[in-house]
Amino acid sequence: MNKFVTHSIRFVVFVLVQALILNHLEFGWGILIIVYPLFVFLLPNDLNIAFSLIIAFAMGFAIDLLSDTFGLHASALVVFAYLKPLVFARFAKQDDYENLKEANIYTMGTSWFIYTFGILLFFHHLWFFLFEIANFGEIVYIIQKTVLSLIVSFLFSVGLQIIFVPKPKER
Amino acid sequence: MKNLIAFLRRFRIFLLFVGLQFIALATYFSSLSFPRSQYLTTSNKVTGNIMAARNSVTHFLHQDETNRELIKANKRLREKIPENYIQISSTEIIVRDTIRDTDATYEQQYTYIPATVLKSTYDKRNNYMSLNIGRKQGIKKGMGVFSESGIVGTVYQVSDHFSLVKTILSMNPNIDIMLVEDGSFGFLKWETHQARLANLTGISNDKPIKKWGKVITRGGGGIFPRGLAVGKVYRVSPIEGRALWNVEILLGTNFKKVQKVYVIKNLLKGEQVRLESTIPKDPDDE
């Protein structure tokens, strides 16, 4: 299938899953499963950074419209998209990054994936809850929400990839 | 030269990043202080309809609970019909609980508009709820909303067919509520971050407070009538260094399940506001 079509369908599915299902699952302790950063993460690496920023913004805003968060998701996802190439390069071995066409847990290898995605997701969550609560008096609550949600979101994103991303054949 | 171009390239991306951030955060913070962008919420037509479709799939999950609550409320109201009471002593005056529109001694102040909850949250710092009625059904900004078991919040944003309610699970709901037991009153706050617990602030600690005492609205602002249930006293603890109790209330409304709510229309609100606006300003305030 055409790459463009694949990613467009993914875009819609991620928005709907996040806004209509995950945002309504409330487990208490401030846990929120946030899965849409995975979409930006799975975007091809040779894509223009400016373009991926705009896609991230559009996606975040679509989710905002459906969950009354007024630009909060958009803001956090733009941070994610902006930091993505920087963090990728930081943890890559010599020429891994140049050869990598499409990033996922299989093409990257487990440890590189955990560092990169984990750190990006951490910044995304921290940014999101920092602005959601917007009150430094409640810093403990912000950290609690960030850390707990981070763990659940991360495991959820890994699970999604294990289920849906086809495993490449061994070379 | 090559470096300069590379630098500008990087810088261009950064500028785009800052620009997008500015748009997103400006929308977000302006919505916190001044709700005017109704097109960016679920009360606009497109997203409102998506939410209505979602609700038609999920609402049956809570149907049983909702029915039980409605039956309970029906029973309670039936028992208040004056025909159910007999006069015991001729010197006593019957106080009728139900008031008829034709009765000259009473004038109706509050009417209620039933609504279905399309979507609600309870786990965020500020929680909102979309209702399936809007301006065409007479909903206006600032009206109170309650469910069978307790108050819910106030209307925050209205479109033609949908409305958005800011629930009491928000930063500062500031609804004046009181203890039934001794009439001491304070403001409703939400500092617990738990869907079932809220705080009652401003109660001085010279008197003990009984656990499970009822908490009701005081009806000062003209948004809620006096006497709507809020919840029950759950825990009382002293605030360090101040002569106040920290009272935690177990809320009556279960925000995880609430399906049917009522929007309160105060027919005399304009009159009250007009009268209160004649209070002369304190010169010290200026």
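I looked up Phe14(B) and found it partly exposed, at a relative accessible area of 34%. Here buried means under 20% relative accessible area, exposed means over 50%, and partly exposed is in between (1.4 Å probe, protein chains only). I note that this is a predicted model, where local features need pLDDT of at least 70, side-chain atom pairs count only at pLDDT 80 or more, and totals for chains, interfaces and linings use all residues. Residues are numbered from 1 along each chain as its sequence is written, chains are lettered from A and ligands numbered from 1 in the order in which they are written, and side-chain values use heavy atoms, with hydrogens and water left out.

**Aromatic pairs**

I used this rule: rings of Phe, Tyr and Trp (its six-membered ring) pair if their centres lie within 6.5 Å; planes under 30 degrees apart are stacked, over 60 edge-to-face, and the rest tilted. The count by this rule is 22 aromatic pairs over all chains. I looked at the one between Tyr82(A) and Phe14(B), which is tilted, with 6.0 Å centre to centre and 55 degrees between the planes. Tyr82(A) belongs to helix H4 (residues 72-91) of chain A and Phe14(B) to helix H1 (residues 2-33) of chain B, so this pair joins two chains. Helices are DSSP runs (H or I, at least four residues), numbered from the N terminus. Tyr82(A) is buried, at 13% relative accessibility.

I then checked Phe131(A) and Phe29(B): their ring centres are 5.8 Å apart and their planes stand at 70 degrees, so the pair is edge-to-face. This pair also joins two chains, because Phe131(A) lies in helix H7 (residues 110-133) of chain A and Phe29(B) in helix H1 of chain B. I found Phe131(A) buried at 18%, and Phe29(B) partly exposed at 34%.

**Charges over rings**

I took a charge to sit over a ring if NZ of Lys or CZ of Arg is within 6 Å of the ring centre and within 35 degrees of the ring normal. The charged end of Arg218(B) sits over the ring of Phe185(B), 3.6 Å from its centre. For Lys211(B) over Tyr234(B), the distance is 5.7 Å.

**Met59(A)**

I placed Met59(A) in helix H3 (residues 49-67) of chain A. Met59(A) is buried, with a relative accessible area of 0%. Leaving out residues up to four places away in sequence, I listed what Met59(A) touches (heavy atoms within 4.5 Å): among them are Phe11(A), Phe14(A) and Leu77(A). His73(A) is 14 residues from Met59(A) in sequence and 8.5 Å away in space, C-alpha to C-alpha.

**Leu155(A)**

I found Leu155(A) in helix H8 (residues 139-164) of chain A. Leu155(A) is exposed, at 57% relative accessibility.
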